[in-house]
Amino acid sequence: MAEIYDIVVIGAGAVGCAVARELSRYNLKVAVLEKGIDVASGTSGRNSAVIHAGFNNKNGSLMAQLCVEGNQGFEKLANELGVPYKKTGKYLIAFDKDDIKVLKGLVEQGRKNGVKGLHMIDECSLKKAVPGVGGIAAMHSPETAIINPFAYVIALAEDAARNGVTFLFDREVKSILFNNDIYLISAGQDIYKAKFIINCAGLYSDKIANMMNINDYKIYPCRGEYFILDEIADEVLSVPIYPAPKKGIGGLGVHLTPTTKGNILIGPSAEYIDDKSDYSCTAKIMDKLFTEAKQLLPTLKRSCIIGSYSGIRSKLASPQEGGFHDFVIHKKNNSIHLIGIESPGLTASVPLARRVIEEIKKSITMHKKTEIIPPKIRKPHFRNLSMKEKSKLISQDSNYGEIVCRCEQITKREILDAIENPLGVVSISGIKYRCGATMGRCQGGYCLGRITDILIKEYNKKPSDITLRGGNSSLYLGFLQEDSYEK
């Protein structure tokens, strides 16, 4: 007979993992069901990695309130979790008088939302602050920051798991029935029982709501494509730059954003699509991206591009409406549904989770645990250490002396640590997002085979076990007899 969970969270993105972490502080039996084979496998791992200040959100909206709350608490949260965070600030660029008017409106809107430090600067000040940038004026947002979104969501999930939450991957929810005050959830090949459900399914939150006879919402997928540039941020751009927003588009416009690693992202575009799983990158859109990026920063060169990707926003605003709808927290019986959590959902993830806890407490009794296992102290990247520190680690563990990923200088020990993660995720993408291997200039051309060799020889994997993202993404098929492979 299936065990009964007090609460089941559906979806392991930033919001779902933040909810799981908050729930792990209570004496509850909690599980997270995720259709992917890892956390952050949807929108939470496919975005601009920006911690927004909250000036772009409508006054009085839940979106504005939670964005500002999330922004103002994020540095402390990032330090607690040990994830990369950098308060860079951000500039919104004006190219004409209409843009200046829009930016002045955002300054006023942001101040009403409680955003700190917003101000306009003239062209001369802009050129000094961001050499080489285009435009005639700008708005400066000093509270904007950047993070590593993969590290953030993984840290939330691992902290929740250490404190008792069960994560179940490759469990796409197929149906939900309600019987004798218990939810019966068909996910993957199994049935799970829950007294309470929290729907954090992102793009599929409307589908989950429909399974529970909530038919008030429809998610419109809006795809954004990105270029990834080499690690040139220190030389070219150390702060995000955005164009003044245009009315009616599905996003904030094509922008340039440095990452915590030193890469630069160009994007995203904003294109409504029909298929929620279509993460294509298209030649037409990618050309448009680079053209618009050159307007912001004319010194950009195509030779710096090392990759591309796309993400999909879970919008409640239809293509005909455009723009943004507010976040939805819909409670019905013993269920809570978070719907339309698009940007700034990453920034607002923990405040959203806290609102969920407040709502749950209205329905069930929750007792806090007397002891919490603190977040694990994360090791610094080997490549960032001094020669003395590197020598000491190598003397203690020879696996630090073997470089597996040349571009990112990732050692064998760091690969092993990534494979032996608390969530039990073993895929190339799972390893990539935990230690950074395959993310460099060659995009895995050098290290992919070496990581595969480690998985086969050290962990008794078969070649056909090696997948990019689990499921049907096997990387090695039919090139040798597996039973004859020399371990």
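Visitor: Why is Arg 302 called partly exposed?

Guide: This is a predicted model, and the value computed for Arg 302 is a relative accessibility of 42%. Buried means under 20% and exposed means over 50%, with partly exposed in between. Arg 302 at 42% therefore counts as partly exposed. Asp 287, at 41%, is partly exposed too.

Visitor: What makes the contact of Arg 302 and Asp 287 a salt bridge?

Guide: The criterion is a side-chain nitrogen of Lys or Arg within 4 Å of a carboxyl oxygen of Asp or Glu. For Arg 302 and Asp 287 the N to O distance is 3.3 Å, so the pair meets the criterion of 4 Å. Arg 302 lies in the loop between helix H8 (283-296) and strand S18 (305-315), while Asp 287 is in helix H8, so the bridge ties together parts that are 15 residues apart in sequence.

Visitor: How many salt bridges does the structure hold?

Guide: There are 28 salt bridges. One of them pairs Glu 231 with Lys 261, with 3.0 Å between the closest N and O atoms. Glu 231 is in the loop between strand S13 (220-229) and helix H7 (233-236), and Lys 261 is in the loop between strand S15 (255-258) and strand S16 (264-267), so this pair ties together parts 30 residues apart in sequence. Glu 231 has a relative accessibility of 28% and counts as partly exposed; Lys 261, with 22%, is also partly exposed.

Visitor: Where do Arg 413 and Asp 417 lie?

Guide: Both are in helix H11 (residues 412-419), 4 residues apart, which is about one turn of the helix. An α-helix has 3.6 residues a turn, so residues three or four places apart point the same way. The side chains of Arg 413 and Asp 417 form a salt bridge at 3.1 Å, N to O.

Visitor: Is Arg 413 buried or exposed?

Guide: Its relative accessible area is 16%, and the cut-off for buried is under 20%, so Arg 413 is buried. Asp 417, at 28%, counts as partly exposed.

Visitor: Why is helix H1 described as largely enclosed by the rest of the structure?

Guide: In helix H1 (residues 14-23), 10 of the 10 residues are buried, so the description applies. Among these buried residues are Arg 21 and Glu 22.

Visitor: What is said of the crossing of H2 and H5?

Guide: The crossing is left-handed. The axes of helix H2 (residues 62-81) and helix H5 (residues 149-162) come within 10 Å and cross at roughly 65°. On the H2 side, Phe 74, Leu 77 and Leu 81 meet Tyr 152, Ala 155, Leu 156 and Asp 159 of H5. By class, this contact has 6 nonpolar, no polar and 1 charged residues.

Visitor: What makes strand S11 mostly covered?

Guide: In strand S11 (residues 182-187), 5 of the 6 residues are buried. Strand S10 (residues 173-179) runs antiparallel to S11 and is joined to it by 6 bridges; strand pairing requires at least two. Within that pairing, Ser 175 has Ser 186 as its bridge partner. S11 also pairs in the antiparallel sense with strand S12 (residues 190-199), over 5 bridges. There, Leu 184 is partnered by Lys 193.

Visitor: Which residue takes a positive phi in the hairpin of S10 and S11?

Guide: Asn 180 does, with phi near 55°, in a hairpin that has 2 residues between the strands. In the hairpin of S11 and S12, Gly 188 takes a positive phi near 65°.

Visitor: What is the phi of Ala 40?

Guide: Phi of Ala 40 is near 55°, a positive value in a residue other than glycine. Ala 40 sits in the loop between strand S2 (30-33) and strand S3 (50-51), and at 9% relative accessibility it counts as buried.

Visitor: Which peptide bonds are cis?

Guide: Among them are the bond joining Gly 267 and Pro 268, with omega about 0°, and the bond from Ser 343 to Pro 344, with omega near 15°. Pro 344 is in the loop between strand S20 (335-339) and helix H9 (349-360).

Key:
Residues are numbered from 1 along each chain as its sequence is written. This is a predicted model: local features need pLDDT of at least 70, side-chain atom pairs count only at pLDDT 80 or more; totals for chains, interfaces and linings use all residues. Side-chain values use heavy atoms; hydrogens and water are left out. Buried means under 20% relative accessible area, exposed over 50%, partly exposed in between (1.4 Å probe, protein chains only). Axes are lines fitted to C-alpha atoms, for helices over the stretch in contact, and angles run from 0 to 180 degrees between N-to-C directions. A crossing is left-handed if the near helix is turned anticlockwise from the far one by less than a right angle, and right-handed if clockwise. Contact means heavy atoms within 4.5 Å. Ala, Val, Leu, Ile, Met, Phe, Trp, Tyr, Cys and Pro count as nonpolar, Asp, Glu, Lys and Arg as charged, and the others, Gly among them, as polar.
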